[in-house]
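Morning, everyone. I have a few minutes, so please look at the structure first and then follow along.

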Amino acid sequence: MNIPTDLKYAKSHEWARLADDGLVTVGISDHAQEALGDIVFLELPQVGRKVKAGEECAVVESVKAASDIYAPVAGEVVAVNQAAADAPESVNQDAYAAWLFKLKPDNAADLDGLLDAAAYAKVAAEG
Amino acid sequence: MAKQTPLYATHVRLGGKLVDFAGWDMPLHYGSQVEEHHQVRRDAGMFDVSHMLAIDLEGEGSRDLLHKLIANNVDKLTLPGRALYSCMLNPKGGVIDDLIVYFFRPDFYRVVVNAGTADKDLAWIAQHAGGALAGPPQESAANDKGRAQPANGHHPLPREGGRGEGRPVTVKPRRDLAMIAVQGPNARAKTWAALPGAEATSSGLKPFHAAWFGEALIARTGYTGEDGFELMIPAERAEATWDALLASSVKPAGLGARDTLRLEAGMALYGQDMDEQTSPLEAGLAWTVDLAAPRDFIGKSVLAGRRPDKQTLGLLLEDRGVLRAHQKVFCAQGEGEITSGTFSPSMSRSIALARLPAGVAVGDTVDVEIRDKRLKATVVKPPFVRNGKVLV
């Protein structure tokens, strides 16, 4: 299972990366894309939308099912990855390169409440 | 504990992602269901469909029994090996199951039914054959050692007075068989390459015809909209047959690809596109219902006396997104509902079968409610794709 150690994770299988510019990039884990199968559609949030931690804000659809994506921390959506929306299979190809959206977090320290790679590996192993 | 087909160990060996399907451990895919889909449309793929049940009907009352039990007319079957698709209806005209019946002799037919309905179908058929089935319900063909269990023996059913036909029919469930569907434009040639001697017996088969190949039956049927065969073989030969097909470059495909292929082909899925509450006339299956012949069949009087107020048609999503079962469809004539929806790998867009109000016509634009949005879809006549070509 590919779980980079420099990322934070949510139990609901999103990854989050806090960059130097203070923005949080969000995607789904390799484990999640594997479980979903061939991804064919991404519904991304509106830029400018304010989200709470744990709020549904995107949908990833594979051939077999639609899956809700939750904001790992509270904040404002400041960018979405249109290139990934135009080529949804890129999430299958590299789930950590094909990010979904970027958040300006209300409080960057909220990321500390997410899982590290070792803790997420346990969650992923359970299903 | 889910049941396993004689090919269970083979699926595990090949890295299949196994899921529960109608109580069976079945492969959803072996890596990518989209690639498996394309493999079938472009070349040749194979599916383990051993979870479906073959039921042999033997005895001189077999034809009369099928006259009564199924909505299509077995009198269309005159050549040995000829196959017919039909619904089996309840007295209210709802669909108990859809099936394929193969004719061999007027006193010998084989019916192949869905996995999820097999026990119910068997009981229904046995009841109308004039008696109850003896013995316990059928178990999986493979036990935990992967070896075939002996077939349940014949169930001679007693002559039953008062039903009119009264001639004996033996109802024989064939859990001793495995079934492999080899599908795709190159499926037949690759099957012949894999199974020495098969070509001689099956090269002359037209679609919906079958021939014996020793104990095996080779049928030119399928559920993908492509050419190919369905092979019914003794369970103990399943793995060797599968491996021979693999060696002749037929790739394994799972239930995921089977679903997108059948939906593109406009083929109904029991339990999703129709069920016991659905008339075949509303499910797009009027072509399989023989109301013209004088023979009576269960459900006929209800269907004959009713003009359906719903119809099943195809939808093509014009916007981006994915149509799914149970989404609401808004038409000028009222509301409808999607019964099966997916992303079509062949068309790279979303397609669906939908139950729509009578009066909606091909070419109409309708709205589909997907989460909090209403998206535009065009009404089309299925199939969407057949024999590798997009038709809509």
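Chain B is split into three domains: domain 1 covers 8-49 + 176-263, domain 2 covers 53-173, and domain 3 covers 309-392. Keep in mind that this is a predicted model.

So, a word on confidence. The mean pLDDT of chain B is 92, with 91% of its residues at 70 or more. One stretch of chain B, residues 134-165, has pLDDT below 50. That stretch still has 67 contacts in the model beyond near neighbours in sequence. For the model as a whole, the scores are ipTM 0.89 and pTM 0.91.

Next, domains 1 and 3 of chain B. Their C-alpha centres are 29 Å apart. How many residues are in contact between domain 1 and domain 3 of chain B? There are 12 residues from domain 1 of chain B, in contact with 12 from domain 3 of chain B. On the domain 1 side, the elements giving two or more residues are α2 (33-42) and α8 (255-264) of chain B. Of these, α2(B) supplies the largest share, five residues. Sorted by class, the domain 1 side has three nonpolar, four polar and five charged residues.

The axes of α2(B) and α8(B) are 8 Å apart, and the angle is about 55°. With that angle, α2(B) counts as oblique to α8(B). Their crossing is right-handed. If you want to find the contact on the screen, look for Q33(B), E36(B), H37(B) and V40(B) on α2(B), which meet G256(B), A257(B), T260(B) and L261(B) on α8(B). By class, this contact has three nonpolar, four polar and one charged residues.

Helix α3 of chain B, residues 62-69, and helix α4 of chain B, residues 118-129, have axes that come within 10 Å and cross at roughly 120°.

Eight residues of chain A are in contact with 12 residues of chain B. The chain A side of that contact has four nonpolar, one polar and three charged residues.

Last, the two backbone spots from the title. Most residues other than glycine have a negative phi, and most peptide bonds are trans. Where are the exceptions I picked? One is the peptide bond from P382(B) to P383(B), which is cis, with omega near 5°. P383(B) is in the loop between β19 (373-380) and β20 (385-386) of chain B. The other is S348(B), which is not a glycine but has a positive phi of about 55°. S348(B) is in the loop between β16 (334-344) and β17 (349-357) of chain B.

That's my part. Questions, please.

Note on methods:
Residues are numbered from 1 along each chain as its sequence is written. Chains are lettered from A and ligands numbered from 1 in the order in which they are written. This is a predicted model: local features need pLDDT of at least 70, side-chain atom pairs count only at pLDDT 80 or more; totals for chains, interfaces and linings use all residues. Domain bounds come from an automatic or database domain assignment. Two residues are in contact if their C-beta atoms, placed from the backbone, lie within 7 Å. Helices (H or I, at least four residues) and strands (E, at least two) are DSSP runs, numbered from the N terminus. Ala, Val, Leu, Ile, Met, Phe, Trp, Tyr, Cys and Pro count as nonpolar, Asp, Glu, Lys and Arg as charged, and the others, Gly among them, as polar. pLDDT is the predictor's confidence in each residue, from 0 to 100. Axes are lines fitted to C-alpha atoms, for helices over the stretch in contact, and angles run from 0 to 180 degrees between N-to-C directions. Angles under 35 degrees count as roughly parallel, over 145 as roughly antiparallel, 65 to 115 as roughly perpendicular and the rest as oblique. A crossing is left-handed if the near helix is turned anticlockwise from the far one by less than a right angle, and right-handed if clockwise.
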